[in-house]
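Visitor: I would like a close look at a single part of this model, with the residues named and the values given. Please take it slowly and keep to what can be computed from the atoms.

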Amino acid sequence: MADLEITRSYWKAIGEHGGISASSLFSDASARVAAASSEALAAVRNVQLCAPAYVIAAAEDAVEAARTSDSDACNKAQARFLEAARHDLDYNPKRWNLLARRKEKKFQKMQAQKQALAVLRSGQQSAN
């Protein structure tokens with residue numbers, strides 16, 4: 001999406017300045033816009049294969065916003081898509097994840113203490 005937005009702005013800047021020297025740059029930029037558009041559409045197709053409806057809708061909105069070249073709307077649509085994808089993939093930690101981490105750290109600390117005591121006892125036995 002970002003590639004499409006950047007390429008489109010580059011394409012518009014060349015088109016506004018015009019001139020004979022800009023024609024080859026404009027045709028190159030046009031090819032890049034077409035490639036970036038097809039990559040964005042391919043990404044949406046991949047999302048459609050495996051994502052739930054709300055993630056698919058957010059992805060389609062993001063691509064449509066990128067095609068309209070409204071930078072603010074594009075950024076907002078991309079943020080909505082990322083939030084939907086995070087929610088779908090469950091990247092946000094839950095309360096029980098935090099408790100599990102705390103229990104794991106406590107267990108590791110106890111294991112380290114037991115190991116240190118075992119080393120001290122073996123050192124004392126070898127000294128005797």
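Guide: Start with C74, which is buried, at a relative accessible area of 1%. The model is a predicted one. C50, by contrast, is exposed, with a relative accessible area of 66%. The count of disulfides comes to zero.

From there, turn to the nonpolar core. The largest such core has 16 residues, and those with the most contacts inside it are V47, A51, V55, A59 and F81. Two or more residues of this core come from each of α2 (21-50), α3 and α4. Helix α3 gives the largest share, eight residues. In soluble globular proteins, nonpolar side chains tend to be buried together.

Helix α3 itself covers residues 53-68, 16 residues in total. From its first C-alpha to its last it reaches 23 Å, close to the 22 Å expected at 1.5 Å a residue. Its buried residues are V55, I56, A58, A59, A62, V63, A65 and A66.

Apart from its neighbours within four places in sequence, V55 is in contact with V47, F81, A84, A85 and D88.

The charged pairs come next. Side chains of opposite charge can pair when their charged atoms come close. The count of salt bridges is two.

One of them joins K76 to D72, with the closest N and O atoms 3.5 Å apart. Both residues lie in helix α4 (residues 71-89), four residues apart, about one turn of the helix. K76 counts as partly exposed because its relative accessibility is 48%, between the 20% and 50% limits. D72 is also partly exposed, with a relative accessible area of 47%.

The other salt bridge links R86 with E83, and here the closest N and O atoms are 3.8 Å apart. R86 and E83 are three residues apart in helix α4, so about one helical turn separates them. R86 is partly exposed at a relative accessible area of 37%, and E83 is partly exposed at 43% relative accessibility.

An α-helix has 3.6 residues a turn, so residues three or four places apart point the same way.

Conventions
Residues are numbered from 1 along each chain as its sequence is written. This is a predicted model: local features need pLDDT of at least 70, side-chain atom pairs count only at pLDDT 80 or more; totals for chains, interfaces and linings use all residues. Side-chain values use heavy atoms; hydrogens and water are left out. The expected span of a helix is 1.5 Å times one less than its number of residues. Buried means under 20% relative accessible area, exposed over 50%, partly exposed in between (1.4 Å probe, protein chains only). A salt bridge is a side-chain nitrogen of Lys or Arg within 4 Å of a carboxyl oxygen of Asp or Glu. A disulfide is a pair of cysteine sulfur atoms within 2.5 Å. A nonpolar core is a set of buried Ala, Val, Leu, Ile, Met, Phe, Trp, Tyr and Cys residues joined through side-chain atoms within 4.5 Å. Contact means heavy atoms within 4.5 Å.
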